[in-house]
Amino acid sequence: MPSESKVENPVIHPFLFIYQLWQWLIDFILSPAPPRPGEQLSRPKIAIIGAGITGVASAAHCVGHGFDVTIFEAGDEKNVGGIWSKVNNTSSLQIHSLMYRFHPSVKWERGYPDRQQIISQVRQVWETYGLDKKTVFNKKIEKVYKDDKGRWILDDPSNGVYEGLIAAVGTCGDPKMPHLDGMEKFKGPTFHSSQLTGKSAKDKTMIVIGGGASAVEALEFAADEGAKKVYIIARSDKWIIPRNPIVNMLLALNIFGQETIFSFIPEFLLRKLFYRDLEDLAPYNKGIFMDTPMVNSDVMDKLRTGAAEWVRCDIVDFTDRGILVNKREKGGDMVVQATGFKRPSLSFLPDDCFEEPYGAPNWYLQTFPPNHPSVSAINCTYLSAIGTVGNWHIGIYTRILLMFLSDPLTRPQPFWMRRWIDMTKVLKATAPTGAFDFFTYLELLWWFAFCVTINPFRWKWAVFVFFGIGSALPKRVVRVEDRVRNGLGMQHQEVERDTGKHF
Ligand SMILES: Cc1cc2nc3c(=O)[nH]c(=O)nc-3n(C[C@H](O)[C@H](O)[C@H](O)COP(=O)(O)OP(=O)(O)OC[C@H]3O[C@@H](n4cnc5c(N)ncnc54)[C@H](O)[C@@H]3O)c2cc1C
Ligand SMILES: NC(=O)c1ccc[n+]([C@@H]2O[C@H](COP(=O)([O-])OP(=O)(O)OC[C@H]3O[C@@H](n4cnc5c(N)ncnc54)[C@H](OP(=O)(O)O)[C@@H]3O)[C@@H](O)[C@H]2O)c1
C-alpha cells in the first residue's frame, strides 16, 4: 500500500526508521488485499453504521476478506474519520501511535499523531479499500429490523438487505454543554472544548469546567496560545498517567480488568514518581482500575509553574467576571466547557438488545447483543477502560463476526452468550465497578482467546480471527461441512445468519 511519508535516515533518526520498517512489515504481512477495481464481492453482506475509524477499519477488513459492505454515515463526506473530523486542530492522540493501529495498513509519522494525520490515514484506508464507492452519506440510521428471511433492513428496504450488522457510532457524539445555574451572568465568551480552533486566548485567563481529557487538551491549547492563567474546575477526580507507552502497556496488562490487592503498587508509584509534590491531586477514593485515566505528562509541569491551577470544587454560581466555586470566585476572560460529549444512541437496534440484565455494555464480548450473533457494536458500548479505542481489536471483533456469519457451527446461541456474560460477572464480582464498566486491553484479549478456544469448531478460524490471515482453510472446511449437512438432508443454503446454533 502506498505511503505518503518519506523514509527516515537510519543514522539521523534510527528509532523512527525502525518504526517505519515495523509499520511496513505489519502492512505487508497483515493487511488484506483491497478488492480489485470492479471485483464483485460476495454475500454475506454487512451494513456498517458510522464512518469513524471503527466503521472504516471494520469495513476495510470485511471487503479485504471478500465480504461486501455498505457504510451508512449520518454526516456528509467531511465526516469520514468521525469525531476526529470535528475536534480542534491541536487535538492529538494521548496514547502512543504504537497502540492506535486501527488498521494494519496505517503508517504513522510520529509517536503522537495530530488530528490531520489521523484523518489522512482514515481517508487513505477508506479510499484504498474502495469504500468511497460503498458509503452512503447523510443517512442517520433510526431503526433496524429483520425481513421474513432473517436479514437486516436499515430504516427501509430501499437501503438493501444485510446478513450482518456492525454498529460503529462511537461514544463521543455532539458536544455536551449542560446549562449551569447562573451561567448567563458571565459576560465573556463560552466555548466547548472541542471548538477552540481559531479562538484567541493570548494573555487571557481561561476557566475550564470539567476535569477529563478534554480539560487537559484545553490546557494545552491555552499554553500554545500564551494564555495568562488557566483554572481547571473539576468536581470529581480522575487519575493522570504519564504519556509513556511502557507505563500505558504495563497498566493495560492487568488481566483481571479490575482493582486487585496489587493495585496499590502502580498507584503508589504514580503518586511518588509522577505526581510527586502534587500528590494531593491524585484521587484518594478511586483506584487506577476504576475509570479511564487521562494520559498526559505536561500537565504536571504547567501546574508546577503556576500557569495553571487544578481546583477541586463544586461550582456555586457564575458572576459577570467569572465563576464562584465553593464560595471563592475564580475570575476569568473566557469559559471553556470541557464537559464531554453526548453519547450516540444505539436505540436503532431491536428492543430485545436492551433487556436487563443483558443491556449494553453487558453483552457477549461486550459488543454482541446476546439475542443477535450477527450484530457487533464495536467501540460504542464501553464506559471506561485502560487500553485504546483504535487498535487490533477492531479487526478481531470484525473477524469474529465474519466467522459467525460464515460458519453456523461457530455461531453462539443466546443461552451461551448470556452464560459467558454471567461468568464474567462472577469472575469480577469483587470489582468496585460493574463487570463491563471497566476493562483492560489484556482482559479483552483473554475474552477473545476464551471465545475461540471454548468451541472446537472455532479452532480452525483462530489464525484468521487473531491475525486476519489463513481464511482459505476454514472456508474450505465449512464447504465440506455444508455438503455433509446437505447430504444428510439437514439444510440447503443458509440465508438467516442471526440464529445461534452452538455454544
Ligand atoms: C478530542 C478527542 C481525542 C481523543 N483521543 C483519543 C486517544 O488518544 N486514544 C483513544 O483511544 N481514543 C481517543 N478518543 C476517543 C475517540 O472517540 C476514538 O479514538 C475514536 O475516534 C472513536 O472512533 P469511532 O469510529 O468508534 O467513533 P466516531 O469517531 O465517534 O465515529 C462515529 C460515526 O458514526 C456516525 N453515526 C453516529 N450515529 C449514527 C447513526 N445512527 N447513523 C449513521 N451514522 C451515525 C457519526 O456521525 C460518526 O461519524 C478521543 C476523542 C476525542 C473527542
Ligand atoms: N487527546 C485525547 O486523548 C482526548 C481528548 C479529549 C477527549 N478524549 C476522550 O474523549 C472522551 C470524553 O472526554 P472528555 O474529557 O471530553 O469528557 P469526560 O471524560 O466525560 O469529562 C467531562 C468532565 O466534565 C465534568 N462535568 C460534566 N458535566 C458537568 C457539570 N454539569 N458541571 C461540572 N462539571 C461537569 C465531568 O465531571 P464528572 O466526572 O463529575 O461528571 C468531567 O470531569 C473520553 O473518552 C476521552 O478519553 C481524549
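Helices (H or I, at least four residues) and strands (E, at least two) are DSSP runs, numbered from the N terminus.

Housekeeping: this is a predicted model, so I kept local features only at pLDDT of at least 70 and side-chain atom pairs only at pLDDT 80 or more, while totals for chains, interfaces and linings use all residues. Residues are numbered from 1 along each chain as its sequence is written, with chains lettered from A and ligands numbered from 1 in the order in which they are written.

**Helix α10.** I then listed its buried residues (20 or more other C-beta atoms within 10 Å of a residue's own, C-beta atoms being placed from the backbone). They are Y441, E443, L444, W447, C451 and V452. Their cover includes α5 (245-252), β19 (384-386), α8 (393-406), β20 (438-440) and α11 (462-467).

**Domains.** The chain divides into domain 1 (1-174 + 341-348) and domain 2 (183-337), with bounds from an automatic or database domain assignment. I get 31 Å between their C-alpha centres.

**Ligand 2.** I looked for residues near it, meaning a C-beta atom, placed from the backbone, within 6 Å. There are 22, and Q94, G210, G212, S214 and G340 come nearest. Helix α4 (residues 213-225) has the largest share of this shell, four residues. Where does ligand 2 sit relative to domain 1 and domain 2? Both domains give residues to its shell, so ligand 2 lies between them.

**Ligand 1.** I count 33 residues around it, the closest being G50, G52, T54, G82 and G170. Helix α2 (residues 53-64) gives the most to this shell, three residues. By class I find 17 nonpolar, 14 polar and two charged; Ala, Val, Leu, Ile, Met, Phe, Trp, Tyr, Cys and Pro count as nonpolar, Asp, Glu, Lys and Arg as charged, and the others, Gly among them, as polar.

Three strands make an open antiparallel sheet, ordered β4-β5-β6, where pairing needs at least two DSSP bridges. β4 (144-146) and β6 (161-162) are the edges with a single partner strand each, so one side of each has no neighbour in the sheet. Three bridges join β4 to β5 (residues 152-154), and V144 stands opposite L154 in β5.

How values were computed. A residue is buried if 20 or more other C-beta atoms lie within 10 Å of its own, exposed if 12 or fewer, and partly exposed in between; C-beta atoms are placed from the backbone. Two residues are in contact if their C-beta atoms, placed from the backbone, lie within 7 Å.
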